[in-house]
Amino acid sequence: MNTGIERTVRFVKEQLKGAEAGHDWFHVERVWKLAVIIAQSEACDREVVELAALLHDIADPKFHGGDEQLAITIAQNHLKDIELDPATMESVLYIIRNMSFKNSLESSDEQLSDIREMRVPLRELHVVQDADRLDAIGAIGIARTFNFGGFKNNLLHHPQMAPRLQMTKEEYKKNTGTTINHFYEKLLLLKDRMNTQKGRELAEGRHTFMETFLQQFLEEWEAAR
Ligand code: ADP
Ligand code: NI
């Protein structure tokens, strides 16, 4: 294995000690492996994909008082430590900055023109984004979501809180919903947001499993009322 990648694995494991179970080293490891699988079907820079997958959740603002810059600083310092060349470093940092579901909903005109002119590592971003989205759905996605809801002390479900599609960004950020609501505001939308063919294929079964789960969950809930 490339020594920069090996050192990054050690760094991320250390950095994520004690992290919430849905955003811990094992999440990163799954995303890394999925990204490698997807990258095999895409023309992309494998080193950029692997480093970005490994560093993508290094300091999630959700767990660091909303600080959006912290993750970038930590990743940048590490990439300097491993003496990565500046162009590769820029690509990895671009991906980390643009990974999240929230950020992908808001792009400035300048960013859009960079994208059109391929001045950014778009394919690599798409691969890592798909890998992260795959780990958010299916059986593992369900487990992570209830774990996060528990961590936030949220309700599992509320019979009066009908699941709503198309929540506004403000509602989304407030994060006051139930865990079941999170499926409708985000998880069920991910299948149609996959960027790559391989990502779409891998998302199918996972998506169907979530639908089955929700149907059974809501049936059991209703039967008990
Ligand atoms: P992104 O950074 O792409 O917006 P997040 O880090 O917010 O993604 O979400 C990653 C995972 O964390 C989700 O797939 C889900 O499992 C869990 N999660 C995030 N927000 C919530 C929430 N409000 N309720 C339950 N789980 C959540
Ligand atoms: Ni992630």
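I began with the helix rule: helices (H or I, at least four residues) and strands (E, at least two) are DSSP runs, numbered from the N terminus. I note that this is a predicted model, in which local features need pLDDT of at least 70 and side-chain atom pairs count only at pLDDT 80 or more, whereas totals for chains, interfaces and linings use all residues. Residues are numbered from 1 along each chain as its sequence is written, chains are lettered from A and ligands numbered from 1 in the order in which they are written, and side-chain values use heavy atoms, with hydrogens and water left out.

**Salt bridges**

I searched the whole structure for salt bridges (a side-chain nitrogen of Lys or Arg within 4 Å of a carboxyl oxygen of Asp or Glu) and found five. One of them joins Glu50 to Arg46 at 2.7 Å, N to O, and because these residues are four apart in helix α3 (residues 46-55), about one helical turn separates them. For accessibility I used relative accessible area, where buried means under 20%, exposed over 50% and partly exposed in between (1.4 Å probe, protein chains only). Glu50 is buried at 10%, while Arg46 is partly exposed at 41%.

I then looked up Asp135, whose side chain meets that of Arg144 in a salt bridge of 3.7 Å, N to O. Asp135 is buried at 1%, and Arg144 also counts as buried, at 13%. Through shared partners, salt bridges join Arg30, Asp135 and Arg144 into one network.

**The nickel ion**

Which residues hold the nickel ion (ligand 2) as protein donors? Counting as donors N, O and S atoms within 2.8 Å of the metal (3.2 Å for Na, K and Ca), with water not among the atoms, so that sites may look incomplete, I found His27 (NE2), His56 (NE2), Asp57 (OD) and Asp132 (OD), lying 2.1 to 2.3 Å from the ion. His27 lies in helix α2 (residues 25-39) and Asp132 in helix α8 (residues 122-134), so this pair ties together parts that are 105 residues apart in sequence. Both His27 and Asp132 are buried.

**Aromatic rings**

Lastly I looked for aromatic pairs, meaning rings of Phe, Tyr and Trp (its six-membered ring) with centres within 6.5 Å, where planes under 30 degrees apart count as stacked, over 60 as edge-to-face and the rest as tilted. The whole structure holds eight such pairs. Trp25 and Trp32 form a tilted one, 6.4 Å centre to centre with 55° between the planes, and both residues are buried.
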